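These are my notebook entries on a few places I wanted to look up, written down in the order in which I went through them.

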Amino acid sequence: QFENVEFKYPGAKESVLKDINFTINEGQTLAIVGRTGSGKTSLVSLLLRLYDIDKGRILLDDNDIKDIKIKDLRENIAYVPQDNFLFSTTIRDNISFAFDHELPEEKVISAAKAAEVYDNIVDFPNGFDTVLGERGVTLSGGQKQRVSIARALAKDAPIFILDDSLSSVDTETEEKILNNLEKLTNKKTIIIISHRISTVQDADEIIVLDEGYIIERGTHETLLEADGLYNYLYEKQLLEDKIYEDSQEGYNE
């Protein structure tokens, strides 16, 4: 629960988030959308206590997160950031990163399958023992994102955050991953940040950020009916998709 939260980065004059109020119940999915720079990533960084808020409270099970040890707080959150950082070690070690011990093979495989990256991994000559280059350069952008998602799924934390983590994945694979998440993350609380409306449209609640404020909230259907920023972003993406499809048809001809 976010109660009257306000936050500005150290040294900044303006608050990047203002008067933020919302509640997510256990097992629900909350989606956050908005233009670039609207404060989406800043919001989840506060939940992880990468920064502390200036005003208001953030509660987890009615406990102020400032009263929870940071280590305990973060152990309960699986976070897939925009910048999918991978280490120059094996794919297996990258997926098992959250653990001090070696993860059982079936858990590594299960996480990779749920992230729709298993087939890619087993196609490599060394499979899960493939050593990645610096920052994961062995992999494509979409494969990096999916290995990062597999790592978060392997952690099996009660709170799961995807921060624009499907942007390099095609829409068909994205849909499969989201369906897998729904099956695997029963009782998990999920927060999805995305520029793509297709990623968020099945969320229990969607909040729309603009210049640090929540300007709209509701389901996909109610937000389309409201004909505000969410509907504008949706229509814009439909148009961009149509232009892209038309250009591909012209190219194929």
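Entry 1, salt bridges. I began with Glu-3, which counts as partly exposed at 21% relative accessibility, and I kept in mind that I am reading a predicted model. Glu-3 pairs with Arg-57 in a salt bridge whose closest N and O atoms are 3.0 Å apart. This pair links distant parts of the chain, since Glu-3 sits in strand E1 (residues 2-7) and Arg-57 in strand E4, 54 residues apart. I looked up Arg-57 as well, and at 38% relative accessibility this arginine is also partly exposed.

How many salt bridges does a search of the whole structure find? I noted 9 of them. Another that I wrote down is the one between Asp-52 and Arg-49, with 2.8 Å between the closest N and O atoms. In this pair Arg-49 is buried, with a relative accessible area of 16%, whereas Asp-52 is partly exposed at 36%.

I then turned to Glu-174 and Arg-196, which form a salt bridge with their closest N and O atoms 2.9 Å apart. Glu-174 belongs to helix H7 and Arg-196 to the loop between E8 and H8, so this bridge ties together parts of the chain that are 22 residues apart in sequence. Glu-174 has a relative accessibility of 2% and counts as buried, while Arg-196 is partly exposed with a relative accessible area of 21%. I also recorded that Arg-92, Glu-105 and Asp-129 are joined into one network by salt bridges that share partners.

Which residues of H7 are buried? My list reads Thr-173, Glu-174, Ile-177, Leu-178, Asn-180 and Leu-181. Seen down the helix axis, these buried residues of H7 fall within an arc of 160 degrees, so they line one face of the helix. I set beside this the general rule that an α-helix has 3.6 residues a turn, so residues three or four places apart point the same way.

The buried residues of H7 pack against helix H4 (105-114), helix H6 (141-155), strand E7 (159-163), strand E8 (189-193) and helix H8 (197-200). On the face turned away from that buried side I found the exposed residues Glu-172, Glu-175, Glu-182 and Lys-183. At the start of H7, I noted that a side-chain oxygen of Asp-170 comes to within 3.1 Å of the backbone nitrogen of Glu-172.

Beyond its neighbours within four places in sequence, Arg-146 is in contact with Ala-115, Glu-116, Val-117, Asn-120, Val-169, Thr-173 and Ile-177. With Asn-120, the side chain of Arg-146 makes a side-chain to side-chain polar contact of 2.8 Å.

Glu-216 is buried yet has no salt bridge, and the nearest side chain of opposite charge, that of Arg-35, is 8.6 Å away. What does the side chain of Glu-216 reach at 3.1 Å? I found the backbone nitrogen of Tyr-230 there, and the backbone nitrogen of Leu-229 lies 3.0 Å from a polar atom of the Glu-216 side chain. Not counting residues up to four places away in sequence, Glu-216 touches, among others, Ile-206, Ile-207, Val-208, Leu-223 and Ala-226.

Asp-62 is not a glycine, yet has a positive phi of about 70 degrees. Asp-62 is in the loop between strand E4 (55-60) and strand E5 (63-64), and is exposed with a relative accessible area of 69%. My other case is Asp-227, where phi is positive and near 60 degrees. Asp-227 lies in the loop between helix H9 (220-226) and helix H10 (229-252), and at 57% relative accessibility counts as exposed.

Methods
Residues are numbered from 1 along each chain as its sequence is written. This is a predicted model: local features need pLDDT of at least 70, side-chain atom pairs count only at pLDDT 80 or more; totals for chains, interfaces and linings use all residues. Side-chain values use heavy atoms; hydrogens and water are left out. Buried means under 20% relative accessible area, exposed over 50%, partly exposed in between (1.4 Å probe, protein chains only). Helices (H or I, at least four residues) and strands (E, at least two) are DSSP runs, numbered from the N terminus. The arc is that of the directions from the helix axis to the C-beta atoms. Contact means heavy atoms within 4.5 Å. A polar contact is a pair of N or O atoms within 3.5 Å; within protein, one must be able to donate a hydrogen and the other to accept it, and residues adjacent in sequence count only if both atoms are side-chain atoms. Lys and Arg count as positive and Asp and Glu as negative; His and the chain ends are not counted. A salt bridge is a side-chain nitrogen of Lys or Arg within 4 Å of a carboxyl oxygen of Asp or Glu.
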